[in-house]
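Subject: Handover of a protein model

Dear colleague,

Please find below the structure that I am handing over to you. I would ask you to keep it open while you read the notes that follow.

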Amino acid sequence: MSTDQVDAGEQHPSSLSQNEIYEILSNPRRRYSLHAIKNEDGTAELSTLAEQVAAWENNKPVSEVTSGERHLAYSSIQQNHIPKLERAGIITHDTGTIELTEEARDLDVYVDVVPGDSIPW
């Protein structure tokens, strides 16, 4: 167990090592998936998730995503990324519904975007 994470000034243990977190976040489709689920208040349907990920990957609105683009994202997320995220304890998946776990909060510090002009050094 690691205590590398700091939340509201307080350390809490994480079951994921820093290397495991980097491995999980190394794939753009997983990052997109986690972001999309987070945007849906922590719970999303697989079909909606795949559609949003396909839109981001193809730089177009969801309404313009083709069935082929949607299918490619859906298959990959269902067969590869959901199982990996579930094994890591970051999500739970039940009959098409994906939900972030408390463990997912440990990833926030790695994916927060800081505007370039707000870095004090």
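Two strands are said to pair if DSSP finds at least two bridges between them. Strands of a sheet pair through backbone hydrogen bonds, either parallel or antiparallel. Please bear in mind throughout that this is a predicted model.

Overall layout

The protein contains five helices and five strands. Along the sequence they follow the pattern β-β-α-α-β-α-α-β-β-α. The protein has 121 residues, of which 32% count as buried. Of the contacts between residues at least 6 apart in sequence, 51% join residues at least 24 apart.

The sheet

In what order do the three strands of the open sheet lie? The order is β3-β5-β4, and the pairing is antiparallel. The edge strands are β3 (43-45) and β4 (91-94), each of which pairs on one side only. On average, neighbouring strands of this sheet are turned by 20° against each other, direction ignored.

Strand β5 comprises residues 97-100, and three bridges link it to β3 in the antiparallel sense. Within this pairing, T43 stands opposite E99 and A44 stands opposite I98. On its pairing with β4, strand β5 has four bridges, again in the antiparallel sense. Here H93 is the residue that stands opposite I98. The strands β4 and β5 form a hairpin with two residues between them, and in this hairpin T95 takes a positive phi near 45°.

Helices against the sheet

Helix α2 packs on the sheet, where it touches β3, β4 and β5, and its direction makes about 85° with that of β5. Helix α4 (residues 67-87) lies across β4 and β5 and runs at about 125° to β4.

Helices against each other

Two packed helices are described by the angle between their axes and the distance between the axes. Three pairs may be described in this way.

The axes of α2 and α3 (residues 46-57) come within 9 Å and cross at roughly 125°. An angle of 65 to 115 degrees would count as roughly perpendicular and one over 145 as roughly antiparallel; α2 and α3 are therefore oblique to each other. Their crossing is right-handed. On the α2 side the residues that meet α3 include R29, Y32 and H35, and on the α3 side they include V53, W56 and E57.

The helices α2 and α4 pack at an angle of about 85°, with their axes 10 Å apart. That makes α2 roughly perpendicular to α4. R29, R30, S33 and L34 in α2 take part in this packing, and among their partners in α4 are L72, I77 and L85.

For α3 and α4, the packing angle is about 115° and the axes are 8 Å apart. This crossing is right-handed. The residues that meet include L49, A50 and V53 in α3, and A73, Y74 and I77 in α4.

R29 lies in helix α2 (residues 28-39). Is R29 buried or exposed? Its relative accessible area is 14%, and a residue counts as buried under 20%, so R29 is buried. The side chains of R29 and E57 are joined by a polar contact of 2.7 Å. Leaving aside neighbours within four places in sequence, R29 is in contact with V53, E57, L72, A73, S76, I77 and H81.

Two loop residues with positive phi

Most residues other than glycine have a negative phi. D41, although it is not a glycine, has a positive phi of about 60°. D41 is placed in the loop between α2 and β3. With a relative accessible area of 74%, D41 is exposed, because the cut-off for exposed is over 50%.

N59 is likewise not a glycine, and its phi is positive at about 50°. Where is N59 found? N59 is in the loop between α3 and α4. The relative accessible area of N59 is 72%, so this residue is exposed too.

Yours sincerely,
A colleague

How values were computed: Residues are numbered from 1 along each chain as its sequence is written. This is a predicted model: local features need pLDDT of at least 70, side-chain atom pairs count only at pLDDT 80 or more; totals for chains, interfaces and linings use all residues. Side-chain values use heavy atoms; hydrogens and water are left out. Buried means under 20% relative accessible area, exposed over 50%, partly exposed in between (1.4 Å probe, protein chains only). A polar contact is a pair of N or O atoms within 3.5 Å; within protein, one must be able to donate a hydrogen and the other to accept it, and residues adjacent in sequence count only if both atoms are side-chain atoms. Contact means heavy atoms within 4.5 Å. Axes are lines fitted to C-alpha atoms, for helices over the stretch in contact, and angles run from 0 to 180 degrees between N-to-C directions. Angles under 35 degrees count as roughly parallel, over 145 as roughly antiparallel, 65 to 115 as roughly perpendicular and the rest as oblique. A crossing is left-handed if the near helix is turned anticlockwise from the far one by less than a right angle, and right-handed if clockwise.
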